[in-house]
Structure formats: C-alpha cells, structure tokens
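Biologist: I am new to this one. Can you put it on screen and take me through a few spots?

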Amino acid sequence: MDIEQKQAELIEYFVKQAETHKGSSLSSIIIEATSHPSLFAFSEILSVPNVVELEGTESSVYLDVLRLFAHGTWSEYKSNAGRLPGLVPDQVLKLKQLTVLTLAETNKVLPYDQLMQELDVVNVRELEDFLINECMYAGIVRGKLDQLRRCFEVQFAAGRDLRPGQLGSMIQTLTNWLGTSDNLLLTIQEKIKWADTMSESDKKHKREVEERLEEVKKTLSLKKLHPVSRPMWTSEGSRRPTLSLVE
C-alpha cells in the first residue's frame, strides 16, 4: 500500500472517530492521531465540527495540539510548552519529522547545524540516523546526506497541511507561474517562427545558387557543342576556313 492511500485511510478513520466523540473524550482521539507513525495530515480532523467546538472549553489545549501538528514545529512546541499538554515520545518523534518537512518547504539544502538546532540533536551521527531511519525510510523525504558540506540535499518532501491564509498565497504563486509560463511559451513560439523564416530564406538562397550553377553549366555545354571557324593558310599562301570544336 502506498503512502497516499495509507494516509487517506487513516484520515477517514480518525475523522469518523472525531465525529462520534465530543468534549474531553476527543483528547484521546487527538493523542492517538498525532502519535500514529503513518499519519502526517490533520486538517480534515481539524475541520470536524466536534473538534472545532473544543475552542474555549477546558479541552481547548488539545485543539491547540492538533493545530500544532497540522502547521507547527518542534521549536514552536518548546516555546509554548508551558500551556500545552506534555507530549508522549511518539508525538515528539512525529513533530520532529513534521519540522523537517516544514524546513524543506522553503529550502532544498538544509545545513546540519540548522537541523540539529531545530530538532534538538546533539551530533551529526544522531542527525543522520534520524534523517535516514525516521524520515527517508518513512517515505516523507528523499535526499542526499552530504557529510563534506554538512548538509542535507532535499530531492522530495511530502507536503504539510496548508496554514490559514496560505491558500491565497499559493494561488497567487501559481497564477504568477502561469503568467510566466505563458510569456515563455510566446517567446518560444516567436523563436520557432523566426527559425522557420530563416530556414525558408536559406532554402530560397540555395535554390537561386543552384539555378545559377545550372545556367553556367548549360552555357559551357552550348559552347562545346557549337564549333567556331578559324582561317588557315594553305601552302599556296591563301586562307581557307577550318573548324575548331572548342572555343
């Protein structure tokens, strides 16, 4: 089963669970979802009405936890740990994995020093083990570990849930890209048209040269076929015409 299909099935499962629980009973559902090793998307769970209704209640901290896993990072959790529930080890691992995905959204070359700081990793060996075993083997990122340059070169990274307001920015980015692509396509079409024109011009010039060459050949052939009369002195001192076949 591929990752996307597994994600879809897990999302469907937890959405149904959230729809059948209310209030404080949702806390266990949220903890289970954010601890699951194969679930990395949470916006659908966040949109369930029962989950939205946690806002302003005693269980609202679990709504904040779910939002953190949808959009936040390990550093953000540490900054707000005083008002959030403690995380179990599986949640800590999951949030660090999601942190790598967030960093990979904007940079395809991630320095080891930055990763170690963001993930609270103390040495390169531990960092590389995390990237290999918990990220690449999990299928959420692909890339190359460059020990010489001390960086992780990202080739692929799974997308995270869109943050509030991010959809508009993404649409604008895609619109700008589409406009640039249209302009590029127009330029390419103009270049192709110019190349076609030049090709036709070259063909016309070639035909003209070939026609001129044929004319010269015909002229030379005619001269060879038509003999020229030249006078010749006889032994008696008179001239008589002779034929010369070549001019």
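Biologist: Which residues does Ala70 touch, not counting residues up to four places away in sequence?

Modeller: Ala70 touches Phe42, Leu46, Arg160 and Asp161 on that count, where contact means heavy atoms within 4.5 Å. This is a predicted model, where local features need pLDDT of at least 70, side-chain atom pairs count only at pLDDT 80 or more, and totals for chains, interfaces and linings use all residues. Residues are numbered from 1 along each chain as its sequence is written, and side-chain values use heavy atoms, with hydrogens and water left out.

Biologist: Is Ala70 buried or exposed?

Modeller: Ala70 counts as buried because its relative accessibility is 1%; buried means under 20% relative accessible area with a 1.4 Å probe, protein chains only.

Biologist: How far apart are Ala70 and Ser43?

Modeller: In space they are 6.3 Å apart, C-alpha to C-alpha, and in sequence 27 residues apart.

Biologist: New topic. How many residues has the largest nonpolar core?

Modeller: It has 48 residues. Such a core is a set of buried Ala, Val, Leu, Ile, Met, Phe, Trp, Tyr and Cys residues joined through side-chain atoms within 4.5 Å. Those with the most contacts inside it include Phe42 and Val51.

Biologist: What does Val51 touch?

Modeller: Leaving out residues up to four places away in sequence, Val51 touches Ala18, Leu26, Ile45, Leu46, Leu63 and Leu66.

Biologist: And which helix does Ala70 lie in?

Modeller: Ala70 is in helix H5, residues 60-71; helices are DSSP runs (H or I, at least four residues), numbered from the N terminus.

How values were computed. Helices (H or I, at least four residues) and strands (E, at least two) are DSSP runs, numbered from the N terminus. Buried means under 20% relative accessible area, exposed over 50%, partly exposed in between (1.4 Å probe, protein chains only).
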